[in-house]
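Let me put the model up on the screen, and then I'll walk you through a few spots in it.

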Amino acid sequence: MKINDFNFAGQKAIVRVDFNVPLDENGNVTDDTRIRGALPTLHKVLTDGGSLIMMSHMGKPKGKVKPELSLSQIVKNVSEALGVPVKFAKDAANAEAEVAALKPGEALLLENLRFYAEEEGKPIGVEKGTPEYEVAKKEMKVRQADFAKKLASYADVYVNDAFGTAHRKHASTAVIADYFDAEHKMLGFLMEKEVTAIDNVLKNAEHPFTAIIGGSKVSSKLGVIKNLLDKVDNLIIGGGMGYTFVKAQGGKIGHSLHEDDLMPEALNVIAAAKEKGVKLLLSEASICAQEFSNDAERKEFPINQIPDDWQGMDADPKTLEGWKKVILESKTILWNGPVGVFEFDNFAHGTEEIAKYVAEATQKNGAFSLVGGGDSVAAVNKFGLGDKVSYVSTGGGAMLEAIEGKVLPGVAAIGK
């Protein structure tokens, strides 16, 4: 069922949102982007005349009640954003009374789902690989199904609008869908947009297609890189992970971030790119420092000739010019991960330039651009370019797994 085709009048809807928002030491919300992102779906339920039940996690309490992670702290923010007073159920597993009292047009927020071990469905306090763990795992699977069934019992219809957790088979993101028929479970507007954006890149990409993969570790993105080699024309590898590729080819990288155990895989990627006709672009040089500090002295060295006491911190101007040409000629662009230590202003130039190139390719040349991953999203927002790209993904881990070719349980559950 498509959410736009469903009439919520007289229906109770339980909506899985991602309200895992950052809080300061006093419990105040410091960034309400995720709350605002869910509003189209939440407003649809209320304006249709439905009753709204919202459920989310916050942080990693691992099945224990932690007051500093209570969703009670964000009720005021959600109420203000939604435009209606939001009621609160302090026990998500026993909220029948609050749900029964809910009238059409009213909204209720359940307590942090991860206060309940059943949400994640992982045995707690039992060592993995032991017979006891296998027994506990089976028991927890039953408990997880019961918890999901209880959540499902609160509502007539289930909506999943939490893309950030779509790669998790949790009670509220996947298991709960088993208790609703096809006409009464659906993706929310935000989830629909995320799935469409990823499909545009992976299934409907216009060529030339360029992927820019940065960040610190090859290990976290190896599957993504391998899957993209069958889809892209150009693969730009920057940031900390680039030094593993350089060292694998015999380059001297000083004490730059790298993973020795991933060097054989890096060589495999280089060989596969050549075999598939993919243009693989690494940095030609690097802006380096002797200390990991914003105020450190900066020097440029060839990427494969970095002295022992220096480390790569940012992409150099010549490399950026080469990358710019490739990006501006692209019709589809995927960007995940910064190409330098952009948290430090003195080493943020490369990442800022990439953001500008992607924005220019989108705005002036009509490219479709998808930016995802926490650091990439933070970067486009830091440089004020979030609204200049085609789509900014809200789910780093989920987006990476989708691009790696994995099935997302939260999406698959709706399609059952």
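So, Met 54: at 0% relative accessibility, that residue counts as buried, and by buried I mean under 20% relative accessible area, with exposed being over 50% and partly exposed in between, using a 1.4 Å probe and protein chains only. Before I go on, this is a predicted model, so local features need pLDDT of at least 70 and side-chain atom pairs count only at pLDDT 80 or more, while totals for chains, interfaces and linings use all residues. Residues are numbered from 1 along each chain as its sequence is written, and side-chain values use heavy atoms, with hydrogens and water left out.

Back to Met 54, which sits in strand 2. Strands here are DSSP E runs of at least two residues, helices are H or I runs of at least four, and both are numbered from the N terminus. What does Met 54 touch, not counting residues up to four places away in sequence? The list includes Val 15, Val 17, Phe 19, Leu 42, Val 78 and Leu 82, and also Val 86 and Ala 107; contact means heavy atoms within 4.5 Å. Leu 408 is another matter: it is 354 residues from Met 54 along the chain, and their C-alpha atoms are separated by 21 Å.

Strand 1, residues 12–16, pairs with strand 2, residues 51–55, over 5 bridges in the parallel sense, and Ala 13 stands opposite Leu 52 of strand 2.

A quick stop at Ser 79, in helix 2, residues 75–82. Buried or exposed, at 16% relative accessibility? Ser 79 counts as buried. Leaving out residues up to four places away in sequence, Ser 79 touches Val 84, Pro 85 and Val 86.

On to charges. How many salt bridges does a search of the whole structure find? The number is 18, where a salt bridge is a side-chain nitrogen of Lys or Arg within 4 Å of a carboxyl oxygen of Asp or Glu. One of them joins Arg 34 and Asp 18, at 3.7 Å from N to O. That pair links distant parts of the chain, 16 residues apart, with Arg 34 in helix 1 and Asp 18 in the loop between strand 1 and helix 1. Arg 34 is partly exposed at 34%, while Asp 18 is buried at 12%.

Asp 32 and Arg 36 also meet in a salt bridge, at 2.8 Å from N to O. Asp 32 is partly exposed at 29%, and Arg 36 is partly exposed at 44%. Then there's Lys 356 with Glu 352, whose closest N and O atoms are 3.8 Å apart. Both lie in helix 11 (residues 349–363), 4 residues apart, about one turn of the helix. Salt bridges also link Glu 352, Glu 353 and Lys 356 in a network.

Last one: Glu 194, which lies in helix 6, residues 189–202. Glu 194 is buried yet has no salt bridge, and the nearest side chain of opposite charge, Lys 193, is 8.1 Å away. For charge, Lys and Arg count as positive and Asp and Glu as negative; His and the chain ends are not counted. Glu 194 does have a 3.4 Å polar contact with Tyr 391, side chain to side chain. A polar contact is a pair of N or O atoms within 3.5 Å; within protein, one must be able to donate a hydrogen and the other to accept it, and residues adjacent in sequence count only if both atoms are side-chain atoms.

Key. Two strands pair if DSSP finds at least two bridges between them.
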